[in-house]
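Please look through the sequence and the model below before reading my comments.

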Amino acid sequence: MTTNTDVIATREPQAAGPDARPEVVQLDDVTVIYGSNRALKGVSARFASGAVGLLGPNGAGKSTMLKALLGFIKPSEGRMSVLGLDVAQRPMEIRARLGYMPESDAHIPGMNAVTFVAYCGQLAGLPAVDAMQRAHEVLYYVGLGEARYRNVETYSTGMKQRIKLAQALVHDPDLLFLDEPTNGMDPKGRDEMLELIRDLGHNKNVNLILSSHLLPDVEFTCDHVVVMDKGQVAAQGPIAELKGPAGRVFELRVKGDLRGFLEVLRQSGMDCHSTDEDVMRVFVPAGLADSYGRAGDQQAIFVQAAKFGVQVRHLRPSVPTLEDVFAKAVGEK
Amino acid sequence: MPIHDQSYRRYRGGKATPGHAWLVIASAGIRTMLRKRAFLGVLLFAWGPFIVRAVQIYVTTNYRQVAAAFGVNAQTFRDFLAQQDFFVFIVTIYVGAGLIANDRRANALQIYLSKPLMRTEYIVGKAAVLFSFLLLVTWVPAMLLLFLQVVLQGSFEFVKTNLFLFPAITVASFLQALLATFTMLALSSLSKSSRYVGILYAGIIFFTAAVYGALYAITGDSSLSWLSVGQSQTQVIDVIFRLTPRYATPWQVSLIVVLGLIALSFSVLERRVRGVEVVT
């Protein structure tokens, strides 16, 4: 008789560190055309293992990229590989190791949750008994344990999002594609969904690609990001790296010679630019701040202001966010 | 320490190799239909002609004076399949209309096709649901009648003289089921509403029959029977049962119409069953 422990075991943590992560998805010069619309324009991207965000505004080509990787859409040019397997040559093997949570509402009509998820498990190749056992487990994991005998069509939007995650997880995929997983969810449900995704990516070591236009979602759940804009990759890499070197950003307003003071700050090793008529953003690198002692970053600005003879009227710290990365990547001011 | 970890855990059991998913789809579809009481009623009703024919066989094998008027021959089995046409129509609409349309309404195609199964497997799985039920109201009762004839007669004499009935019943039933299955599946893939699909299917069957009927009434010539789906099928099945075809259309033309319709259905399914719908 097959016991619970025979069938399932806790996923072992990865040995490799975050910087030595192998790539799980690779796109080389991929172009996808819908009629006259080029949805992807020669996209080349690398998705490291772990949690990677696919970020971009609506219509940037995120969903198209995921659908091309699933084999739903054939690119007119380029080459794609998932988990080291060529998408064009071995789509079945890829899908056997993939979990896909689509953006739109999707379910099999006329089934309750546990039957639906078990059915998806069987479609992915699990034996009927194992599929049913896994269905119960993943439904508990995504928070639908108490509602698992209800017909999926009676579920709320948040519950439908959860069951889409459950069906993507039931066959224990090596890689998850999550397309806008928090769409239509209330704030509490959204937080819970993000916690689940973060847990999968960081504690359960499930590789995942989270496609979203919501910067905070990606920032909370992912370590790496690929920023898309107008069918092209605008930026990619570890989020921490893209945010720039360690240090702090300040919003600064001074009374006096603004242009001259900007020049002084730049000469002293700070990165700064004016954002409004009298407001500037000043980045104080961590190394420079250290030389000014405790609260050195603020001190550095005050020292330069005193030397140059301008009066600091406003100084507000701000931390560089993924929003800054996104804005910079897509060329917004 | 928790006694049972309800967190996410890795599956270490076996997985079937790709290629069997159609069986999962088919068995789930069949189970879903068999849970509907109304459908079980339809199936029971569809076996009514079988009961009548079984009584006929019983009477003719036991009372020789009746056998002269109601004797069982190849025509009996052909007529039985013709009677089942009505139930084929009902079962096709009941089972088939929602097979793909409901999946399209619920965006289920992207769930299916993100699993390790090909579009062909999906179509075969869906087709198997309808095909099985259609054989249940055509081939299964017809073969049972043949078996009943042998058992009640107490000899193989009838079978020996009508040996062609086994392949004839099989080929005719399968052709009937194939045509209905793939025509309905193709229509089901065109819409998200099973009601609309049902109406469309009925419309095609009745409209083509009405066009032929009108032309026949005007010209008095049955060579245009190829215009009707039902008449084309009837013509081919007559030939399969070694009977004189009832219409003037060459049976080969009727066969081309039937096979052409099946091929057209395949083409529609190939275009419509996709993980993503591209609107350009």
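This is a predicted model: local features need pLDDT of at least 70, side-chain atom pairs count only at pLDDT 80 or more; totals for chains, interfaces and linings use all residues.

1. Residues are numbered from 1 along each chain as its sequence is written, chains are lettered from A and ligands numbered from 1 in the order in which they are written, and side-chain values use heavy atoms, with hydrogens and water left out.

2. In chain B, helix H3 (residues 48-62) packs with helix H8 (residues 139-153) at an angle of about 20 degrees, and their axes are 10 Å apart. This angle makes H3(B) roughly parallel to H8(B), a description that applies to angles under 35 degrees. Helices here are DSSP runs (H or I) of at least four residues, while strands (E) need at least two, and both are numbered from the N terminus. The axes themselves are lines fitted to C-alpha atoms, for helices over the stretch in contact, and angles run from 0 to 180 degrees between N-to-C directions.

3. Which residues of H3(B) meet H8(B)? They are Phe50(B), Arg53(B), Ala54(B), Ile57(B), Tyr58(B) and Thr61(B), and their partners in H8(B) include Pro141(B), Leu144(B) and Leu148(B), where contact means heavy atoms within 4.5 Å.

4. Gln167(A) is found in helix H6 (residues 157-169) of chain A. Is this residue, Gln167(A), buried or exposed? Gln167(A) is buried, because its relative accessible area is 0% and buried means under 20% (exposed is over 50%, partly exposed in between, with a 1.4 Å probe and protein chains only). Not counting residues up to four places away in sequence, Gln167(A) touches residues of chain A, among them Tyr100(A) and Phe116(A), and also Ile111(B) and Lys115(B).

5. Lys160(A) also lies in helix H6 of chain A, and at 18% relative accessibility Lys160(A) counts as buried. Leaving aside neighbours within four places in sequence, Lys160(A) is in contact with Asp105(A), Val152(A), Glu153(A) and Tyr155(A).

6. Leu210(A) has its place in strand E9 (residues 207-212) of chain A and is buried, with a relative accessible area of 0%. Residues up to four places away in sequence aside, Leu210(A) touches Val52(A), Leu178(A) and Cys222(A), among others. Leu210(A) and Gln267(A), by contrast, are 57 residues apart in sequence and 41 Å apart in space, C-alpha to C-alpha.

Note on methods:
Angles under 35 degrees count as roughly parallel, over 145 as roughly antiparallel, 65 to 115 as roughly perpendicular and the rest as oblique.
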